[in-house]
Amino acid sequence: MTETDAPRQANMFAAMKRSARLLFVASTIMLAACQSIVPKGPGPAQPTGPAKPTGPEVTQGLPTDTARHRVALLVPTSGPNAGVGQSIANATTLALMDIKTDKVRITTYDTATGAAAAANRALADGNRLILGPLLADDARIVGPIAAKANVPVISFSNDTSVAGSNIFLMGYTPNQSIERVIGFAREKGLSNFGALVPRGTYGERSGNALLRAVEQAGGTVVSMQTFDRTPASITAAVKKLQASSSYDALLIADSGRVALQVAPIVRKNGGANARLLGTEIWNTEESLAASPVLRGAWYASVSDGLYRQLATKYRTRYGSAPFRLSSMGYDAVLLTVRIAQDWKPGAPFPTARLRDPGGFAGIDGAFRFNRNGIAERALEVSEVGAGTISVVDPAPRGFGN
């Protein structure tokens, strides 16, 4: 993967209203990341190994049921990212079981053995929609192949450079979480912003997102420093930040694990009273709440409320914890089933339906694809407390038109 898929909106969210066209209400669900990298942990516990999908709805090989919509799932089920890919595949199975639909049949194709080969097999098997792939590089390969067959691709990558044409992205992008948390900070009276961003594409995109978000919110960026994640580089960046100007809020645009290393240095070098801010990838680091130096920090991300229910159900069925990205597989199925209500089996997928301005809903809350094919998400703002993380500004339920 490349460094942006997993480390590889703010004012707009305030205007959002409930939408009557959301895909499924939360009660239905309850019933039942230039280079990008996949998060190394699932949340509470790392899966001990790739669990095999069970149940009749997700199959390997050539589908034979012509009465159902044929949908391909392209994820790595072997190789170094097999745990993430299998977790997504298992979540699609859970979604189909929860919905109890007989209209959609999902066939899984392993991209680790070659994204082009997987895409060609999926198209030869008659699939009219592709969910995945996970990696940005694979999406660049699969997109043109699928486009020749008039088949849309809903990728789980968050590398916005691959979106467009027939490729839609469901991945969580840092610019949206940064816009959201900066907007919230401005509402709370903070105006002077500093930033520490890692060298590389993720950091570059995060820095640009910060500049845009602060300008739109009417604040000032007083200093932005880069680092390469080594202790010496982090310390040097913090000291440059201290020397250049003062700030009352500081964005640490990296993972929660890195934030745990950076925060103590910041507190001892000019940032003792600054409000620390994070991005969406802080959401996967549970040890944040155990750090006194991060107490009071804010970050924006998708809601975990329904995800926790999915994770419990997943552990019961598969005996291991899912990766956090598994929810995108679940939500991709919800979206597909919704559109399948007006989709004739064997006919081309009605791609225009993906651009419904009212959006869709799922485990990760409300989302919609913008004109560039990138998922805009309704995000919540959380605060790190003493041993707990609490929501201080809930995510909007939907989108206004």
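Let me begin with a definition: a residue is called buried when its relative accessible area is under 20%, exposed when that area is over 50%, and partly exposed in between. Please also keep in mind that what we have on the screen is a predicted model.

With that cut-off in hand, let us go to lysine 100, which sits in the loop between α3, residues 82–99, and β3, residues 104–110. Its relative accessibility is 71%, and because exposed means over 50%, lysine 100 counts as exposed. As background, most residues other than glycine have a negative phi, and most peptide bonds are trans.

Asparagine 150 also has a positive phi, of about 60 degrees, and is not a glycine either. You will find asparagine 150 in the loop between α5 and β5, the latter being residues 153–155, and with a relative accessible area of 52% it is exposed.

Now to the helices, and to α10 in particular, which covers residues 305–318. This helix has 14 residues and reaches 20 Å from its first C-alpha to its last, close to the 20 Å expected at 1.5 Å a residue. Which residues of α10 are buried? They are Leu306, Tyr307, Leu310, Ala311, Tyr314 and Tyr318, and because they cover an arc of only 140 degrees around the axis, they fall on the same side of α10. After the helix comes glycine 319, whose phi is positive, near 75 degrees.

Finally, consider a pair of helices, α8, residues 231–244, and α9, residues 256–268, whose axes come within 10 Å and cross at roughly 40 degrees. Angles under 35 degrees would count as roughly parallel, and α8 and α9 are therefore oblique to each other. Their crossing is right-handed, and the contact is made by Ile234, Thr235 and Val238 of α8 together with Gln261, Val262, Ile265 and Val266 of α9.

Technical notes. Residues numbered from 1 in each chain as written. Predicted model: local features only at pLDDT ≥ 70, side-chain atom pairs only at ≥ 80, totals over all residues. Heavy atoms only, no water. Helix = DSSP H or I, 4+ residues; strand = E, 2+ residues; numbered from the N terminus. Expected span 1.5 Å × (residues − 1). Buried < 20%, exposed > 50% of the residue type's maximum accessible area, 1.4 Å probe, protein only. Arc of directions from axis to C-beta. Axes fitted to C-alpha atoms, helices over the stretch in contact; angles between N-to-C directions. Parallel < 35°, antiparallel > 145°, perpendicular 65-115°, else oblique. Left-handed = near helix turned anticlockwise from the far one by under 90°. Contact = heavy atoms within 4.5 Å.
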